[in-house]
Amino acid sequence: MKQIFVATIATLAFLTTFSSHADTTYSHVNVYVTAQDTGQRLSKTNEEDLADSDPITEKKQYIFVDPSKTFQTLIGIGGALTDASAETFYKLPKDKQQEILTAYFDPINGIGYSLGRTHIHSCDFSSDSYTYVQDGDTNLDTFNISHDLKYRVPFIKAALATAGKDHLTLFASPWSPPAWMKDNTNMLHGGKLKPEYYDCWARYCCKFIHAYDQQGISIWGMTVQNEPMAIQTWESCFFSAEDERDFVKDALGPELRKFGLKKTKVMVWDHNRGLLYHYASTILDDPEAAKYVWGVAYHWYVNDSFENVKLLKEAFPQTHLLFTEGCVSPYDTNKLSNWQWGETYATSMIHDFNNGVEGWTDWNVLLDEQGGPNHVQNFCFAPIHADTRNGTLYYMNSYYYIGHFSKFIRPGAKRIVSSSSTDDLLTTAFVNPDGTIAVIVLNLTDKPQSFNVWTQGKSAANTSPPHSIITLVLSS
């Protein structure tokens, strides 16, 4: 393996003291670029002043930014803190561990991840299958999270310490109930949760939240089931839309309230965009189930189906949306430097945010030189890979592409209008709590694209290099 990128963002700074600037007049632009076939990686390329705009013409390309029109509020952007990530982390020298923490979670010297996902007992990206109770313990008297205390809990605590405890929001997802609760008596290969164990499994999830809270790790929300329509060779459990609806209204929702966890955000679906509308609407159209549901989670696999996210938000405008998993696979060392990976992330993020998503989480934040560890050989890519044999870190371009969002769009930011006059440039924009505006511009073409960023009657000329992503930070 050769080193792909070296982190070059230590000198970037971002203001994290937020305040309200409803009537800000924007006059200045800082430009940050990541581009193929260049050394630019989240590189500040220039500073510009916004000047009175020339008359608009169809002969030029524009990104029109309107901060007076606001939409959803951002919860955060980040990735998953899995067993695999934690195990890989603790195989590295201390200086490399610190580099990873800074690179991901430091909002000034890193890309400022502010949202994280973890799993309830094992998933495919664990070294083995395990649960927190002994078989058949319906009272859950043997419940303990001792397995997680070796790697995953310390890793999450280190991430929280780097980000600032109140600046990293965490949610959890189960991949499968214990085997003895399922009709196939196996945590793997799908199977269904037996109805007689609905309450027991709901209590199990509640006990997980309490156990992590006792470790100083607050679980803000949970999805009901990871990929409920997939029968996988790893931990999986099949829930039809009707099954999940009934489990939420008859077991999970009531048990969360019994445990004093009413504020825990419950998200349904947690699978691909293709079946998103049908599955989620089946649950949300039932008032007794919907009263327990904060939002709908989803992944990006199989096909894009971006329109389904928009349709769901239009049909259920009070429902919150969270993107909870995406990665590229299968892992191949020879493809670490493929530029398409970062573009895949940015394309998804722009469409998802423009369709109303409030948070966006990548899959594993860190994997090893094989794309694991993974107990079923389901290896994939992560934005940072570590060669645990020699401690070398490899930064994929996806790390920088995600960073163009996570570093400059901070929790509490509101999406605003960012309208492109050309199909050759994709865009989204947010106004941060400190009043700055972050405008993302994505160029997937083989040619440089000249454009003017325009707001409040002023504009500044820019050029997007071929296969590049730009963040323009507008300030007063």
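Two strands are taken here to pair if DSSP finds at least two bridges between them. In this predicted model, seven bridges join strand β18 (residues 437-443) to β21, and the two strands run antiparallel. Within this pairing, A438 has V473 of β21 as its bridge partner. Strand β21 (residues 468-475) also pairs with strand β1 (residues 28-35), again in the antiparallel sense, over eight bridges, and there the bridge partner of Y32 is T471 of β21. Strand β21 is mostly covered, with eight of its eight residues buried. Its side chains are divided between two directions, S468, I470, L472 and L474 pointing one way and I469, T471, V473 and S475 the other way, and all of these residues are buried.

In soluble globular proteins, nonpolar side chains tend to be buried together. The largest nonpolar core of the model comprises 125 residues, of which F247 and F405 touch the most other members. Helix α4 (residues 198-214) gives the most to this core, contributing eleven residues. When neighbours within four places in sequence are left aside, F247 is in contact with L193, Y198, W201, A202, V224, F239 and L252.

Helix packing is illustrated by helix α6 (residues 276-284) and helix α8 (residues 306-315), whose axes come within 9 Å and cross at roughly 20°. Because angles under 35 degrees count as roughly parallel, α6 is described as roughly parallel to α8. The contact is made by L276, Y277, A280 and L284 on the side of α6, and by N308, V309, L311, L312 and A315 on the side of α8. The crossing of α6 and α8 is right-handed.

A further element is an open sheet of three strands, ordered β13-β14-β15, in which the pairing is mixed. Strands β13 (366-368) and β15 (392-395) stand at the edges, each with a single partner strand, so that one side of each is left without a neighbour in the sheet. Neighbouring strands of this sheet are turned against each other by 30° on average, direction ignored. Strand β14 (residues 384-387) pairs with β15 in the antiparallel sense over four bridges, and I384 stands opposite Y395 in β15. Helix α2 (residues 94-105) lies across β13, β14 and β15, and runs at about 20° to β15.

Notes: Residues numbered from 1 in each chain as written. Predicted model: local features only at pLDDT ≥ 70, side-chain atom pairs only at ≥ 80, totals over all residues. Heavy atoms only, no water. Buried < 20%, exposed > 50% of the residue type's maximum accessible area, 1.4 Å probe, protein only. Core = buried A, V, L, I, M, F, W, Y, C linked by side-chain atoms within 4.5 Å. Contact = heavy atoms within 4.5 Å. Axes fitted to C-alpha atoms, helices over the stretch in contact; angles between N-to-C directions. Parallel < 35°, antiparallel > 145°, perpendicular 65-115°, else oblique. Left-handed = near helix turned anticlockwise from the far one by under 90°.
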